[in-house]
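Please keep the sequence and the coordinates side by side while reading.

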Amino acid sequence: MTVIWTPAVAATPATLQPATEVKVSLGNSANELKFFPSNLEFVAGKRYKLLLDNPSSQKHYFTAKDFADVSWTQKVQAGKVEVKGAIHELELQPGGEAEWVFVPMKPGTYELHCSIKGHTEAGMVGTIAIARN
Ligand SMILES: [Cu+2]
């Protein structure tokens, strides 16, 4: 049997939808090696603005390659720099902030981790679920 995946196409172009803001912190002021929250949920075809910050005193990464591969990135903004194109991970320095505007496309559950040596092992992991529209 062949399963053909068809993306859910909204009647309104995704770029014209207001973006739903979702905040995620990489670590915290106590330097716990976690994402807050660590389990994220999105709906396919909707537009989101992920607001990332790093309130800890060490560098972290938001690495979600498989999720990024099934999402359409409109832009990433960090400080005054705007990046367009494929994004697989974002590096946040202590006190850093970044915004990622995207539309998740393919339903499923994808992994999230911090790729700094030892952080994944310490529990700096999470999941990103994309629900069917
Ligand atoms: Cu980390």
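What percentage of the 133 residues in the protein do buried residues make up? Buried residues come to 29% of the 133 residues, where a residue counts as buried if 20 or more other C-beta atoms lie within 10 Å of its own, as exposed if 12 or fewer do, and as partly exposed in between, with C-beta atoms placed from the backbone. The model is a predicted one, in which local features need pLDDT of at least 70 and side-chain atom pairs count only at pLDDT 80 or more, while totals for chains, interfaces and linings use all residues. Residues are numbered from 1 along each chain as its sequence is written.

The protein contains 1 helix and 11 strands, these being DSSP runs numbered from the N terminus (helices are H or I, at least four residues; strands are E, at least two). Along the sequence the elements follow the pattern β-β-β-β-β-α-β-β-β-β-β-β. Of the contacts with a separation of 6 or more, 75% join residues 24 or more positions apart; two residues are in contact if their C-beta atoms, placed from the backbone, lie within 7 Å.

An open sheet of mixed pairing is formed by 6 strands in the order β2-β1-β4-β9-β6-β7, two strands being paired if DSSP finds at least two bridges between them. The edges are held by β2 (35–36) and β7 (81–83), each of which has a single partner strand, so one side of each is left without a neighbour in the sheet.

Strand β5 (residues 60–63) pairs with β8 (residues 89–92) in the antiparallel sense over 4 bridges, with T63 standing opposite E89 in β8. In a regular strand the side chains alternate between the two faces of the sheet. Strand β11, by contrast, has a covered face with G126, I128 and I130 and an uncovered one with V125, T127, A129 and A131. β11 runs parallel to β3, to which 5 bridges join it, and L40 stands opposite I128 in β11. With β10, β11 pairs in the antiparallel sense over 6 bridges, and here L112 stands opposite G126.

The largest nonpolar core has 26 residues, and those with the most contacts inside it are L52, F62, A64 and L90; such a core is a set of buried Ala, Val, Leu, Ile, Met, Phe, Trp, Tyr and Cys residues joined through C-beta atoms within 7 Å. At least two residues of this core come from each of several elements, including β4 (48–53), α1 (65–69) and β10 (108–113), while β9 gives the most, with 4 residues. L90, leaving aside residues up to four places away in sequence, touches L52, Y61, F62, V76, A98 and W100.

N54 lies in the loop between β4 and β5, and N54 is buried because 23 other C-beta atoms lie within 10 Å. Beyond residues up to four places away in sequence, N54 touches L26, G27, H60, L92, Q93, P94, G95 and G96. N54 and G96 are 42 residues apart in sequence and 5.4 Å apart in space, C-alpha to C-alpha.
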